[in-house]
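Let's take a friendly walk through a protein model together. Have a look at the sequence and the structure first, and then read on.

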Amino acid sequence: MEPAVRVFALVIGIDNYESGNVWNLESCVDDAQKVRHWLRKDLKVPKDHICMLLDKHASKENIEKSFLRHLVHNGRIQRGDAIVIFFAGHGSTVPAPDGWFHQGSVAGTAEVLCSYDFGQHGVAGISDRSLHSMLQDLSAAKGDNVTVILDSCFAPLQSPSNIRARRHTRWTPPHKITAQNLLAGLWPAAQTRAYPRGVGFYNTTNSAYTLLAACSPGEKALEGKDGGKFTSAFLEAARETPLHSASYVSLLGQIKAKIKERQCPFLAGATKRPVFNAVPFLPDQTYFQTDLVHDPKMLRIGLGAIHGVVAGTQFSVHAHNYSLCNPPIAHVSVTDVYPSWSFGYTSHSVPSGCWAQIKKWNNRACFRTRSKRCLFMLLRLSREAPRSISLPVFHRSKS
C-alpha cells in the first residue's frame, strides 16, 4: 500500500448565514467543494485527512473544535506535515475594546472571519487576534508548514446600500456586534499574548504560517456564480504550475495574472519557501526519463525488451517525474524495441528532459497483471542493473 500523502486540511465555506442581517453569498460552498476536490484528485489527499465545514456546520464553536480535533490534537499529523486551512465567506471589521492590542492601549478595530452564526447571540466570529493565536498553537504542536487561504475581505463597502456590490462582495457590516462580544469570543491562549496594533490578517507577526489572501488591504474580494475570483484563479494556477518546484511567490504571480477583476491577491509570512514546503511532492519511481533523438517528435525511452516492452506499448509523456499535478503533455506508441530501450513517435513536439510512464504494455503473454506493486518491482530491478553498462544514443531518421 502506498503511503498516505502528508497533507491535512480544514476547509470552510459559508453561503447562508443564520442572521437575517447578513447578506447571503452565492459560491463559497462551491469554492470549498472545489478546493476539497483539488486536494483529493490532484494532490491525492486521503478523504479522512480533510475536514470540511459548510454553512450551518461552520459555526464559531464548530470551527474552533474542528481546528483542535482535526489539526492541533490529531496524532496522525507528524511535525512538518503540510496543513492547509481554507476559508471562503464574509469578512468584517468590528470595534475593538480598550486594551485589545496591549495593556493600556486605546480602542481600535479588529478584522474577523464571519462564522455561520456571526451576529447571533453576540457571536463575533473568528478575530484576527484569535486566529494568530490559534496558528501559534498549531505551529508549536505540528510545525510551521501551515498555509492559510482566505477568500474574504475586511474593507467596508463605500456604499453598503448598493445591492449589486453587496451581492458580489465577501464583506458584511458588523451590525450590532460590540467590542465586548469580540473580547468574550477571544481564543483562550490569546488572552495572555501581546498583540501589536495594526496586525490584522495581513501583517503576520512571525513565520509560523504562510497567508494567501484574496485581495490586498483595503480591496474587495469578489465572487460570481462561477466562484470566488481568487479561488478560481488559485485552483487554475495550481493545476497549471509544477508545484513540486514552485515557491509561494511564483504561485502568487500566476494567480495575479489570471484575475481580471480589480483585486490583487496578497501573500505574507513564510513566502519564499516551496509550496507546502514540498512535503507532498516526491519523485515517482514509475516514470522513466526520455531523450529526443534526431527529431523533436521522436523519443528514446529507457525501457526495452528485457522489461517486457514490445511494439505498440503505449507511454504517456510528462514534463517531470512527480506524480502529483502532472498531467500528460503527449502520448507515444513504441515502434522499435531494443534490449534496454525503445523508440516511439509523439503526435507533436515535446521539450527535452521529459519523462514517460507506461499506460499499456500491449504484451499479454508476459504481463497479465497491472499491479502497481509489480510494475514498481520491475522498474526497480531495471534501475539496480550495473551502471557500468552505457546506453548508446541512436540518431535515426524517419526513413
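This is a predicted model: local features need pLDDT of at least 70, side-chain atom pairs count only at pLDDT 80 or more; totals for chains, interfaces and linings use all residues.

## Two partners for one residue

Strand 14 (residues 314-318) pairs with strand 17 in the antiparallel sense, over five bridges. Another of those facing pairs joins S316 to its bridge partner in strand 17, Q357. Strand 12 (residues 287-293) and strand 17 (residues 355-360) are antiparallel too, and they pair over three bridges.

## A closed barrel

Where do these strands belong? Six strands make a closed barrel in the order 12-13-16-15-14-17, and the pairing is antiparallel. On average, neighbouring strands of this sheet are turned by 45° against each other, direction ignored.

Three strands form an open sheet in the order 4-5-6, with antiparallel pairing. Which strands are at its edges? They are strand 4 (91-95) and strand 6 (126-127), and each of them pairs on one side only.

Strand 4 pairs with strand 5 (residues 109-113) over five bridges, in the antiparallel sense.

## Two helices side by side

In general, two packed helices are described by the angle between their axes and the distance between the axes. The crossing of helix 1 with helix 6 is left-handed.

Which residues of the two helices meet? From helix 1 come D31, K34, V35, H37 and W38, and they meet T231, F234, L235, A238 and R239 of helix 6. Sorted by class, this contact has five nonpolar, two polar and three charged residues.

## A loop with two buried residues

Next, visit the loop between strand 2 (50-54) and helix 2 (60-72), where you will find A58. Is A58 buried or exposed? A58 has 0% relative accessibility, so it counts as buried. Leaving out residues up to four places away in sequence, A58 touches I12, I14, L53, I63, S115 and Y116. Take I12 from that list: A58 and I12 are 46 residues apart in sequence, yet their C-alpha atoms are 6.8 Å apart in space.

D55 lies in the loop between strand 2 and helix 2 as well. Its relative accessibility is 18%, and because buried means under 20%, D55 counts as buried.

## Positive phi angles

Most residues other than glycine have a negative phi. With that in mind, look at D55 again: this residue is not a glycine, and its phi is positive, near 45°.

H175 is another example, with a positive phi of about 55° although it is not a glycine. You can find H175 in the loop between helix 4 (163-167) and helix 5 (179-184).

Key
Residues are numbered from 1 along each chain as its sequence is written. Side-chain values use heavy atoms; hydrogens and water are left out. Two strands pair if DSSP finds at least two bridges between them. Helices (H or I, at least four residues) and strands (E, at least two) are DSSP runs, numbered from the N terminus. Buried means under 20% relative accessible area, exposed over 50%, partly exposed in between (1.4 Å probe, protein chains only). Contact means heavy atoms within 4.5 Å. A crossing is left-handed if the near helix is turned anticlockwise from the far one by less than a right angle, and right-handed if clockwise. Ala, Val, Leu, Ile, Met, Phe, Trp, Tyr, Cys and Pro count as nonpolar, Asp, Glu, Lys and Arg as charged, and the others, Gly among them, as polar. Axes are lines fitted to C-alpha atoms, for helices over the stretch in contact, and angles run from 0 to 180 degrees between N-to-C directions.
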